[in-house]
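Hi there,

Here is the structure I promised to pass on to you. Have a look at it first, and my notes on what turned up follow below.

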Amino acid sequence: VRRWRWRSGARGAVAAVAVAPTAALVAGCGAERGAFAPGGPVASDLDGLFWLLTGLGAAVLVLVIAVLALAAVRSRGRTDDDDEGVEGDVSERRSRWLVLGGGVVLPVVVLVPLTVVMLMVGVRTSNVGQEGDVVIEVVGHQFWWEVRYPGTDVVTANEIHVPVGRPVHLRMQTADVIHSLWVPELAGKIDMIPGEETELRFEASEPGELLGHCAEFCGLQHARMRFLVVAQPPEEFERWLTEQAAPSPPPATEAARRGEAAFEAAGCASCHAVRGTAADGDLGPDLTHLASRRTLGAGTLPNTPEDLARWVADPQEAKPGNLMPAIPLSTDQLQDLLAYLEELR
Ligand SMILES: [Cu+2]
């Protein structure tokens, strides 16, 4: 009796271990974010394919287990001698049909239509748009995203603005190692590969902000290499594009004027561009309209005056190992720089 109890206890533990991840997974789905909450036609296609594959896989699994169980039950108490004679011939013929049916017919019937469906989804998702779609260039950097709109002067970072209801065509490159761009609500992940251009197509059906990640380990701060897709109604998107294309206005206050000079003097300009000024570095994000962005350091900090001060004073504190060095600044210099940066709307 004791042994039985122990066994059932162990079985309970095994069941708990098996169920816990599933429960966690299902709980995660409840948040209505991610690949199971598609925000556009490409993601819907992928979601449908996922459930089709999972459903079919589950059905085949159940079938195999049922056949296995049947075989186990039916062969109880039988010996090899039972397979001799007429009865043996019958059972051999039957098992040959089982092998043919389960090993050839079933896979063909299941896998051929499935391959056709998968190819159709593949062709459809890689052909969203084509003509008249919005082309955006994204360059992956350790550990942030450069975003350009060809045909305009717009360069920004860590935010991809797109108009709702129009197909978007991302042309992707990397400035250093392999990265992978992934917005679960919109499309699958596609790698950025050194020396190559890859592309991704998607469409956002509703306005909103969707979180994107780097999905390929790329170094120390890979986990803090995030971005936002900001899906906007078309006229709002056009307004945003016009604002972002403009160069930065000249500094309005005395402090900001001193800050602009400090930006050159402290060496910020050798890595950062501010369009409309002499600063044209390209190792770090374009800061022309920094204050209009939602986050700092690719989703590391919210873009508030306090967090901007924290970042500029020591970028290694919030995001250790990122490629902006901590630059020694006097308190006055820091204040002037912040006054300048906050005017970059
Ligand atoms: Cu990365």
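Let me start with Cys214, which has a relative accessible area of 6% and is therefore buried, the cut-off being under 20%. Please keep in mind that this is a predicted model. Cys218 is buried too, with a relative accessible area of 5%.

Both cysteines belong to the metal site. The copper ion has as its protein donors Cys214 (SG) and Cys218 (SG), together with His179 (ND1) and Met225 (SD), at 2.1 to 2.7 Å from the ion. Along the chain, these donors are spaced as H-x34-C-x3-C-x6-M. What is the geometry of the site of the copper ion? It is tetrahedral, with the angles among the 4 donor atoms running from 92 to 128 degrees. For reference, the ideal angle for four tetrahedral donors is 109.5 degrees.

Next, the sheet. It is open and built from 5 strands in the order S3-S2-S1-S5-S8, with mixed pairing. Strand S3 (155-157) and strand S8 (198-202) are at the edges; each has a single partner strand, so one side of each lacks a neighbour in the sheet. From one strand to the next, the twist averages 25 degrees. Strands S1 (residues 134-141) and S5 (residues 168-174) run parallel and are joined by 7 bridges.

On the helical side, H2 (residues 41-74) has 34 residues, and at 1.5 Å a residue it should span 50 Å; the end C-alpha atoms lie 49 Å apart, which agrees. Buried residues in H2 are Val42, Ala43, Asp45, Asp47 and Leu49.

Finally, the aromatic rings, of which the structure holds 8 pairs. Phe50 and Trp51 form an edge-to-face pair, because their planes are at 80 degrees, with the ring centres 5.0 Å apart. Phe50 is partly exposed at 37% relative accessibility, and Trp51 is partly exposed as well, with a relative accessible area of 49%. By contrast, Phe237 and Trp240 are stacked, since their planes are at 25 degrees; their centres are 6.3 Å apart. These two residues sit in helix H4 (residues 234-245), 3 residues apart, or about one turn of the helix, and both are buried. Ring pairs also link Phe50 and Trp51 with Phe36 into a cluster.

Enjoy exploring it!

Best wishes

Terms used
Residues are numbered from 1 along each chain as its sequence is written. This is a predicted model: local features need pLDDT of at least 70, side-chain atom pairs count only at pLDDT 80 or more; totals for chains, interfaces and linings use all residues. Side-chain values use heavy atoms; hydrogens and water are left out. Helices (H or I, at least four residues) and strands (E, at least two) are DSSP runs, numbered from the N terminus. The expected span of a helix is 1.5 Å times one less than its number of residues. Buried means under 20% relative accessible area, exposed over 50%, partly exposed in between (1.4 Å probe, protein chains only). Two strands pair if DSSP finds at least two bridges between them. Axes are lines fitted to C-alpha atoms, for helices over the stretch in contact, and angles run from 0 to 180 degrees between N-to-C directions. Donors are N, O and S atoms within 2.8 Å of the metal (3.2 Å for Na, K and Ca); water is not among the atoms, so sites may look incomplete. Four donors count as tetrahedral if all angles lie between 85 and 135 degrees; four count as square planar and six as octahedral if opposite donors are over 155 degrees apart and all others between 65 and 115; anything else is irregular. Rings of Phe, Tyr and Trp (its six-membered ring) pair if their centres lie within 6.5 Å; planes under 30 degrees apart count as stacked, over 60 as edge-to-face and the rest as tilted.
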